[in-house]
Amino acid sequence: MTKKLPRCIAVHDMSGYGKCSLTVAIPVLSACGVEVCPLPTALLSANASFPGFTLFDFTPEIPAYAAHWASLNLSPDALYSGFLGSEEQIDLIGGIIKSLRPALSVIDPVMADHGVLYKTCTPGMCEGMKRLAACADIVTPNLTEACVLTGTPYDPARTGPDDIRRLSEKIAALGAKKVIVTGVRRGQKLFNCIFDGVSYSERAAKQLSFNMYGTGDLFASVLVGGLLTGHSLEESVDSAAAFVPFAMQKSQEYEDRNRRGICFEPYLSTLSGGVFSL
């Protein structure tokens, strides 16, 4: 019997140092049992948290890159995008979704956190991300990004279930089929909130007292890995929510962890089969 390996187009930048984006997505998805077709949006010497990084903008190459894939009759099971560097890139990725028609499109709308837009995120990009969310099967904003997508003032005190459901419904009204608002904090508790277009539910997660670089990319990559290996949305969310703090705590044993980012590589075997299991 011929086996089929699930195939995912991963649309992210590639940083030579400082773990995030493609250097997270490729190994994590591969460990889950997914074939990764990377589409780089930019090549950086190190991630943007390091001063003096070099950057090569891959935007001019994207149309030919995608056209060649189309000529090869590439049939992706999923497209998963993270940080995008311009409004032009956002519209190009929307075009790829429409032309290659992946069975699953997962958009992590990386734009902001803690009530503040990233320096690279312009008003045009905020509008462009709304258009991209409209053609997504799943959108995974944090609270700030959910507010940006819906034009809602950011208020960290308004994170109750009714508040998050309203945000989720507004994002779904853009066209997204399902919405996961990630990392919602309520006091000492953390929740990932799921709206599937009809019903709303919340999944409790472990909250740590420290932060690390690259955790958002790690969460979304584990989530996609679970979905593409036959696991439910809830199972995949729980897998990502368990693996991230596990890897963060293990990272405390490694030198230079704050510069490198989260040290997940020694624990990729725990994702065998598509979801986190010790």
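Met129 is located in helix H4 (residues 123-134), helices (H or I, at least four residues) and strands (E, at least two) being DSSP runs numbered from the N terminus. With a relative accessible area of 2%, Met129 is buried; the term buried denotes under 20% relative accessible area, exposed over 50%, and partly exposed the range in between (1.4 Å probe, protein chains only). The C-alpha atoms of Met129 and Pro109 are 6.6 Å apart in space, and the two residues are 20 residues apart in sequence. The model is predicted, and local features need pLDDT of at least 70, side-chain atom pairs count only at pLDDT 80 or more, and totals for chains, interfaces and linings use all residues. Residues are numbered from 1 along each chain as its sequence is written, and side-chain values use heavy atoms, with hydrogens and water left out.

Strands of a sheet pair through backbone hydrogen bonds, in either a parallel or an antiparallel sense. In the present model, an open sheet of nine strands shows mixed pairing and has the order E3-E2-E1-E4-E5-E8-E9-E10-E11; two strands are taken to pair if DSSP finds at least two bridges between them. Strand E4 (residues 78-81) and strand E5 (residues 104-107) run parallel and are joined by four bridges, and Tyr80 has Val106 in E5 as its bridge partner. A parallel arrangement is also found for strand E8 (residues 138-139) and strand E9 (residues 178-186), which are joined by two bridges; here Val139 stands opposite Val179 in E9.

The pairing of E9 with strand E10 (residues 189-195) is antiparallel and extends over six bridges. Within this pairing, Arg185 stands opposite Leu190 in E10. The hairpin of E9 and E10 has two residues between the strands, and Gly187 takes a positive phi near 65° there. Arg186 lies over the face of Phe191, at 4.7 Å from the ring centre; the criterion for a charge over a ring is that NZ of Lys or CZ of Arg is within 6 Å of the ring centre and within 35 degrees of the ring normal.

Positive phi values also occur in residues other than glycine. Ser21 has a positive phi of about 50° and is found in the loop between E1 and H1. At 3% relative accessibility, Ser21 is buried. Asp256 likewise has a positive phi, near 60°, and is placed in the loop between H8 and H9.

Two packed helices are described by the angle between their axes and the distance between the axes. The axes of helix H5 (residues 143-150) and helix H6 (residues 161-174) come within 9 Å and cross at roughly 50°. Such axes are lines fitted to C-alpha atoms, for helices over the stretch in contact, and angles run from 0 to 180 degrees between N-to-C directions. H5 and H6 are therefore oblique to each other, given that angles under 35 degrees count as roughly parallel, over 145 as roughly antiparallel, 65 to 115 as roughly perpendicular and the rest as oblique. The crossing of H5 and H6 is left-handed; a crossing is left-handed if the near helix is turned anticlockwise from the far one by less than a right angle, and right-handed if clockwise. For H1 and helix H7 (residues 215-228), the axes come within 9 Å and cross at roughly 30°, so H1 and H7 are roughly parallel to each other. The crossing of H1 and H7 is right-handed.

Eight aromatic pairs are present in the structure. Rings of Phe, Tyr and Trp (its six-membered ring) pair if their centres lie within 6.5 Å, with planes under 30 degrees apart counted as stacked, over 60 as edge-to-face and the rest as tilted. The pair of Tyr17 and Phe50 is tilted because the planes stand at 50°, with the ring centres 5.3 Å apart. This pair links distant parts of the chain, 33 residues apart: Tyr17 lies in the loop between strand E1 (7-15) and helix H1 (22-32), and Phe50 in the loop between strand E2 (35-44) and strand E3 (55-57). Tyr17 is partly exposed at 30% relative accessibility, whereas Phe50 is buried at 12%. Phe246 and Tyr267 form an edge-to-face pair, at 5.4 Å centre to centre and 80° between the planes. Both Phe246 and Tyr267 are buried. One aromatic cluster is formed by Phe56, Phe58, Tyr65 and Trp69.
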